[in-house]
Amino acid sequence: MRMYDIIAKKRDGKELDDNEIKFFINEYVAGTIPDYQMSALMMAIYFNGMSGKETASMTQYMAMSGDQVDLTYFGALSADKHSTGGVGDKTTLIVAPIAAACGLKVAKMSGRGLGHTGGTADKLEGIPGYKTDLSADEFFNIVNTVGVAVVTQSGNLTPADKKLYALRDVTATVENIPLITSSVMSKKLASGAKNIVLDVKYGSGAFMKTKEEAETLAQNMVSIGKLCSRNTAALITDMNTPLGKNIGNILEVKEAVDVLKGKVCGDLREISIALAGAMVSLVFGISEQEGKIKATSALDSGKAYIKMRDWIAAQGGDISYIDDTDKFAESDYCMQINAFAGGYITEMNCEKIGTAACVLGAGRATKDDKIDMTAGIILHAKTGDYVSFGEPLCTLYSNNKDSLKSAADMFKSAITIGAAPVKQPLIYKTVR
């Protein structure tokens with residue numbers, strides 16, 4: 001079998017068979033196929049697409065290219081949640097303990113942040129003592145006894161995806177639904193969960209900018225999950241406004257804890273219940289509404305908060321910071337941004353706001369950048385809210401005083417104030 005023939009076949013718009021897909025995935029990981037040939041194939045796929053059968057095959061071989069987590073010990077109770085990324089998205093910190101409090105087993109591997117979106121692993125490392133790197137035995141023991149553990153991804157989990165994504169990133173072949181589908185779902189399959197809930201975001205702060213793009217991606221990922229014998233559902237959710245009020249690692253941990261303590265309502269609570277409810281629905285074979293009722297009960301009863309304490313403690317975290325979030329360190333500098341006009345906030349460009357948080361030190365521009373755990377933004381008003389001239393819009397936090405002005409300018413440019421209120425539904429639809 002020759003890579004040349006596979007490239008030519010896909011260039012001509014023909015469907016690749018299972019053996020051809022297995023060949024190019026395995027040989028590329030082994031290093032026998034050069035980048036220039038794989039780049040040519042990725043571009044051919046970008047223009048000609050892939051069938052559902054091709055996408056499923058590529059997803060499975062990418063998942064099989066490295067380590068795979070075996071969660072069969074937990075049977076049908078194993079569940080995972082994946083977000084396609086957004087600004088202020090700290091839902092894993094809330095959803096995981098809610099799901100565990102409902103009896104699910106959440107063995108989760110989370111990534112780090114890059115660019116304008118944050119990473120769950122980074123946020124958790126803001127808790128003193130929390131270990132994101134556990135041995136396999138430690139990981140399984142915590143899931144078995146507590147019901148939830150969250151660690152960083154294994155170094156050899158889906159190496160095919162790591163190599164392919166790095167190549168696609170520099171060859172303008174990222175924005176392709178089959179390739180995105182295989183990238184996301186290969187990691188989910190390798191992570192081992194029987195039940196998978198996807199939070200597919202659309203809008204200014206998301207990779208998919210429109211509902212239609214997000215729905216196509218959601219349908220593809222759900223279809224692949226089912227073809228690979230996983231119970232899969234996707235919620236299509238709005239990311240034209242940051243989720244919650246806090247953006248930045250420690251700030252987001254504090255807000256997540258407040259939701260679990262019942263101190264915070266609004267969009268963050270709503271979407272967390274919806275995602276946890278969808279997980280419960282898949283695991284127990286009940287309706288989505290029944291799942292939400294169970295999730296709400298776990299949250300409102302305080303069981304989910306207790307579960308979070310047990311989980312954080314099991315992974316070495318100092319739970320005194322969970323009990324009293326005022327113990328967390330704060331930035332040396334802050335700046336309040338006030339409304340430049342009176343009226344309703346009609347638009348918040350999430351990507352700009354997320355980038356402003358990165359400028360403050362809350363995120364990375366490159367993988368080697370060091371994060372300022374205390375940096376970030378607290379929003380005082382969001383899309384749909386009325387603000388008077390001079391009323392606070394947000395407060396910026398950073399340990400780098402020089403970053404405040406440039407972040408402030410970026411934040412102001414992200415806000416539009418108009419005469420009429422605008423309100424988008426948080427959850428567009430569910431795909432099953």
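**Ground rules.** I worked from a predicted model, where local features need pLDDT of at least 70, side-chain atom pairs count only at pLDDT 80 or more, and totals for chains, interfaces and linings use all residues. Residues are numbered from 1 along each chain as its sequence is written, and side-chain values use heavy atoms, with hydrogens and water left out.

**Aromatic pairs.** I looked for rings of Phe, Tyr and Trp (its six-membered ring) with centres within 6.5 Å; planes under 30 degrees apart are stacked, over 60 edge-to-face, and the rest tilted. I got 8 aromatic pairs by this rule. One of them is F74 with F140, which is stacked, at 6.1 Å centre to centre and 10 degrees between the planes. I then placed the two residues, taking helices (H or I, at least four residues) and strands (E, at least two) as DSSP runs numbered from the N terminus. F74 sits in the loop between helix 4 (52–63) and strand 1 (79–83), and F140 in helix 7 (residues 136–146), 66 residues apart.

Next I checked accessibility: buried is under 20% relative accessible area, exposed over 50%, partly exposed in between (1.4 Å probe, protein chains only). F74 is buried at 8%. F140 is partly exposed at 25%.

I also looked up Y130 and W311, an edge-to-face pair at 6.4 Å centre to centre, with 85 degrees between the planes. Y130 is in the loop between helix 6 (120–124) and helix 7, and W311 is in helix 14 (residues 303–314), so this pair ties together parts 181 residues apart in sequence. Y130 is buried at 7% relative accessibility. W311 is buried too, at 0%.

I noted a cluster as well: ring pairs link Y73, F74, F139 and F140.

**Charges over rings.** Here I required NZ of Lys or CZ of Arg within 6 Å of the ring centre and within 35 degrees of the ring normal. K163 lies over the face of Y28, 4.3 Å from the ring centre. K327 lies over the face of Y321, at 4.8 Å.

**S57.** I found S57 in helix 4. It is buried, at 6% relative accessibility. Leaving aside neighbours within four places in sequence, S57 contacts D18 and I21 (heavy atoms within 4.5 Å).

**Cavities.** On a 1 Å grid over the protein atoms alone, a cavity is a set of points where a 1.4 Å probe fits but cannot get out; lining residues have an atom within 4 Å of a point. Grid points are joined across faces, edges and corners, and volume is the space filled by probe spheres set on the points. I found 2 cavities of 30 Å³ or more in the whole structure. M58, M62, D161, L164, R168, L179, S182 and S183 line it. Helix 4, helix 8 (159–169) and helix 9 (177–191) each give two or more residues to this lining. I sorted the lining into 4 nonpolar, 2 polar and 2 charged residues. For the classes, Ala, Val, Leu, Ile, Met, Phe, Trp, Tyr, Cys and Pro are nonpolar, Asp, Glu, Lys and Arg charged, and the others, Gly among them, polar.

**Second largest pocket.** A pocket is an open set with protein on both sides within 12 Å along at least five of seven lines. Of its 27 lining residues, T241, D267, K382, T383 and K423 are closest to the centre. Helix 12 (267–284) and strand 8 (343–348) each give two or more residues to this pocket's lining. I counted 9 nonpolar, 8 polar and 10 charged residues there.
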